[in-house]
Structures are given as structure tokens and as C-alpha cells.
Amino acid sequence: MTTLSSGPAGGPARVVTRALGGGVKKTTLPSGLRIITEAIPTTRSASLGIWVGIGSRDESPSLHGASHFLEHLLFKGTHKRTALDISAEIEAVGGETNAFTTKEYTCYYARVLDADLPLAVDVMVDAVADSLLDPADVETERGVILEEIAMHEDEPGDEVHDVFAEAIYGNHPLGRLISGTPGSITPMTRSQINGFYRRRYTPPQIVVAAAGNLDHALVVRLVRKALAGTPLDTAPAAPAEPRSATTRVRVQKPRNVVLHRDTEQAHIVLGGTGLGRHDERRFALGVLNNVLGGGMSSRLFQEIREKRGLAYSVYSYAGQYADSGLVGVYAGCAPAKAAEVLDLIRGELDRVAAKGISADELLRGKGMVKGSYVLGLEDTGSRMSRLAKSELLHGDLMGVDELLARVDAVTVEEVNAVAADLFSGERSLAVVGPFDEAELPT
């Protein structure tokens with residue numbers, strides 16, 4: 001169903017609303033901002049997210065970390081509310097707010113009782129659309145972010161993934177830290193951040209998503225009211241297309257990178273480039289990832305932890321961007337066991353590349369993909385995220401049944417072809433632990 005609301009004197013259509021099925025509706029405002037909701041009448045809560053298709057890969061070197069810096073600042077006050085007002089108004093009704101920044105998008109979200117969704121819309125839209133970026137707040141949050149960066153360096157199990165991304169992508173924005181570095185955050189000015197904010201946070205780049213016990217038409221009215229008179233109340237424009245996958249990201253030749261830390265464990269990631277999120281082989285990769293290292297029954301977990309007791313944590317993963325991707329295997333182990341663990345990981349990757357997986361593993365891998373996806377949609381927050389990511393990253397919403405059918409259609413031959421493509425040949429290695437280059441466990 002499509003409804004059009006015309007402008008004055010029978011002018012051009014100003015609002016387009018479509019029913020997408022399953023209680024999902026989408027409205028596109030004249031400004032290009034999209035509102036997508038899923039009605040779930042059986043719940044008594046609602047989750048709201050304002051998703052902006054801008055992340056750390058959109059930053060110039062001088063603005064490295066600006067997206068994350070901005071994420072902090074948008075909760076610090078608007079023309080209507082102080083920082084305390086923003087948090088207190090939501091917490092007074094038992095709700096919660098938060099935000100996160102990725103390499104390709106930023107999300108600001110709230111979860112409240114269904115009756116308090118109007119309040120959440122007003123507060124969150126105000127924060128994202130009309131933040132002041134007061135100079136004093138910029139200095140306060142600069143200190144907070146520098147502490148956050150330092151804290152991250154105290155978490156080697158997280159840090160090693162950043163080292164791995166840098167090993168793959170080098171100086172490309174996908175290889176840089178989302179948070180920025182002390183060298184980029186310290187000199188960044190309020191004027192630079194505000195310029196990034198106003199240039200990048202535009203209605204065509206924004207998706208407002210909500211899921212729960214709600215009425216779509218009411219959400220649209222609430223969003224339009226909250227936007228009125230703000231810098232996001234702009235002239236007509238077309239929504240931004242999903243980030244292009246037509247260009248190929250240049251990657252580094254396979255290499256080893258070690259970051260010395262006086263840790264009790266060695267943290268290892270071994271892998272290489274993967275698939276972009278638009279690649280039709282991503283469903284086969286999802287199955288392969290689960291067979292290889294996606295759970296307690298996976299090959300890597302069974303071999304390295306269960307049989308040999310060499311590591312507490314070992315898993316494989318696939319990260320996907322619009323035009324590139326990563327595949328890796330992580331393990332945390334005693335430094336003296338790092339070489340043995342690496343040999344076992346390499347052996348397993350060689351085997352799956354050469355011989356593929358079995359029919360039984362295919363069935364188990366499919367079941368894991370389908371189960372984790374469906375069980376992950378049990379709350380309004382995950383439903384809201386699904387709506388926004390589908391619209392922002394893919395440009396359409398794949399139904400649950402269609403996605404499950406795509407997974408069911410994966411063949412063992414397709415999985416084996418992906419395994420041979422991604423895991424044959426040389427790989428990059430990232431290590432964080434008590435080693436230097438000469439002591440690197442290889």
C-alpha cells in the first residue's frame with residue numbers, strides 16, 4: 001500500500017508511505033529522511049533508533065575520530081535541553097538511551113515503555129538534530145574519549161582485532177580505529193566537529209526506526225513535529241542510496257603485525273579478506289563460519305579447547321562492509337602455547353580450504369545460522385536494528401522467511417568454493433602480547 005500526501009495547492013507529493021508486510025511500514029519525508037516501524041502489539045515496550053549512514057570510514061585524516069567524538073557530544077545539550085535533561089527525562093520513565101559508532105554508520109537509540117514513545121522521539125530527535133556542541137563540552141568529552149582510548153589499550157582481546165584490521169587495510173579508513181587516536185583527538189577543534197556534523201548529518205543519510213507496541217502514523221507525526229524548526233528541517237531531497245560496492249578496497253599484502261603488551265595471554269587473529277555484505281556468497285560464508293569456529297561444536301573449539309585445552313576462547317568470525325570484508329580466527333592462550341595454537345589454526349584452515357565441509361556439518365551450520373538469527377529477534381531492540389540496517393545498508397527489507405530460505409538453499413559445493421577462495425594461500429597475522437618482532441610465534 002502506498003499513500004501520498006500532496007503539498008499546497010495540489011503540488012508535488014510530499015510524503016510517501018508503504019506497507020512492507022508483517023506489520024512493517026515505511027515513510028519517506030520530503031527531506032529524504034526515512035521512518036520505518038514494526039508494530040508488535042504483544043509487547044509493552046518500544047525501541048527507537050536514529051541511524052545515520054556516516055561512520056569512521058567517512059573521515060579525512062585530520063578528522064579521524066570525529067564520528068565517535070560527535071556521538072559523545074550529541075547527548076550534551078540542545079537549545080531545548082541540557083545534558084541532564086536528556087538523560088533525566090528518559091530515566092524518569094524507566095527508559096534507557098545509548099549510542100554507538102561503527103566504520104559505516106552511527107546509531108542513537110532509546111528503549112521505553114510503549115506509552116512513553118512520544119517522549120523518546122522528542123528527546124532523541126532533538127539531541128541528534130539540534131545539538132549545541134558547546135565548547136566547554138567539547139573539552140570535557142575530549143578528556144573522556146582519551147580515557148576511553150587508553151581503556152581500550154588495556155583490553156588486548158579487543159585491541160588485537162584493530163591490529164588485524166590495520167594489517168589488512170593499512171592506511172585505508174577501514175584500517176583505522178573508530179575512536180581516533182590521541183594524535184587526532186587532541187588537536188581536533190569544535191569548529192571541525194561542528195562542520196562534520198552539519199555537512200554529514202543530513203536527512204537523506206538518516207533512518208528513524210522503531211519497533212514495539214506502536215502506531216506508524218503516530219510515529220511519523222511525532223518525528224515531523226520534533227524535526228520542525230531544526231537544522232534537519234530541510235528542503236526536499238532524495239534519500240541516500242546504500243553505500244556503493246562498485247569500487248574495490250585496496251588491501252595490504254599478507255603480513256605479520258605484533259603489538260607488544262605485558263599481558264598474561266597472547267591474543268592472536270589469523271585470517272584475511274572476506275566478502276562484502278552485498279556478495280551473494282555471504283549466506284554460504286555464514287554457514288562456513290559456524291562450522292569452522294562459530295560455537296562449541298565447531299572444528300576450532302573442539303580441536304583447540306576441548307581436546308587439547310590450549311585456549312579458553314577460540315572462534316572464527318566474518319566482518320562485512322559495503323565493498324570489502326574480513327575473515328579471521330581469534331584465540332587467546334598462554335604465550336608459550338601460541339606457536340602450537342597457530343599451527344592448529346593453520347592446519348584447520350588448510351583442511352577446510354582443500355577438502356571443504358561434510359554434509360552433516362552443512363546441516364548443523366545452517367541450523368546455527370537460522371537459529372541465531374530468529375532467536376536474535378526476540379526483543380524490540382533487535383527488531384528495530386533489523387529494520388534500520390536493512391534500509392540503510394541494503395535499501396530493502398528481506399523478510400525472515402526469505403532469509404531462512406536463502407540459508408536453506410546453500411549447498412555444500414557453495415560452501416566449499418567459498419572456503420577454497422578465502423582460506424587458500426597466505427594469511428595475515430596479528431598478535432598482541434609479550435612478544436617483539438623477533439619473538440613472534442609463527
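**A friendly note on pockets, cysteines and a hairpin**

1. Let's start with the cysteines. The count of disulfides in this structure is zero. As a reminder, a disulfide is a covalent bond that joins the sulfur atoms of two cysteines. Keep in mind as you read on that this is a predicted model.

2. Are cysteine 107 and cysteine 333 buried or exposed? Cysteine 107 has a relative accessible area of 1%, and because buried means under 20%, it counts as buried. Cysteine 333 is buried as well, with a relative accessibility of 1%.

3. Cysteine 333 also takes us to a pair of strands. It lies in strand E12, opposite alanine 311. Strand E12 covers residues 325-333, and it pairs with E11 in the antiparallel sense over nine bridges. How many residues sit between E11 and E12 in their hairpin? There are four. While you look at these strands, recall that in a regular strand the side chains alternate between the two faces of the sheet.

4. Now for the largest pocket, which holds about 1,900 Å³ of space. Its lining is made up of 47 residues, and the closest to its centre are Tyr105, Ala318, Gly319, Gln320 and Lys389. By class, that lining has 19 nonpolar, 16 polar and 12 charged residues.

5. Which element gives the largest share of the lining of the largest pocket? That is H13, with seven residues.

6. Arg248, Gly274, Asp323, Ser324 and Gly325 are the closest to its centre, out of 19 lining residues. Sorted by class, the lining of this second pocket has six nonpolar, eight polar and five charged residues.

7. Last, have a look at glutamate 414, which is found in helix H15 (residues 412-423). Glutamate 414 has a relative accessible area of 41%, so it is classed as partly exposed, a term for values between 20% and 50%. Which residues does glutamate 414 contact, leaving aside its neighbours within four places in sequence? They are Ala284 and Ala409. Alanine 284 is 130 residues away from glutamate 414 along the chain, yet their C-alpha atoms are separated by 6.2 Å.

Notes. Residues numbered from 1 in each chain as written. Predicted model: local features only at pLDDT ≥ 70, side-chain atom pairs only at ≥ 80, totals over all residues. Heavy atoms only, no water. 1 Å grid on protein atoms, 1.4 Å probe; cavity = no way out; pocket = protein on both sides within 12 Å on 5 of 7 lines; lining within 4 Å. Points joined across faces, edges and corners; volume = space filled by probe spheres on them. Helix = DSSP H or I, 4+ residues; strand = E, 2+ residues; numbered from the N terminus. Nonpolar A, V, L, I, M, F, W, Y, C, P; charged D, E, K, R; others polar. Disulfide = S-S within 2.5 Å. Buried < 20%, exposed > 50% of the residue type's maximum accessible area, 1.4 Å probe, protein only. Contact = heavy atoms within 4.5 Å. Pairing = 2+ DSSP bridges.
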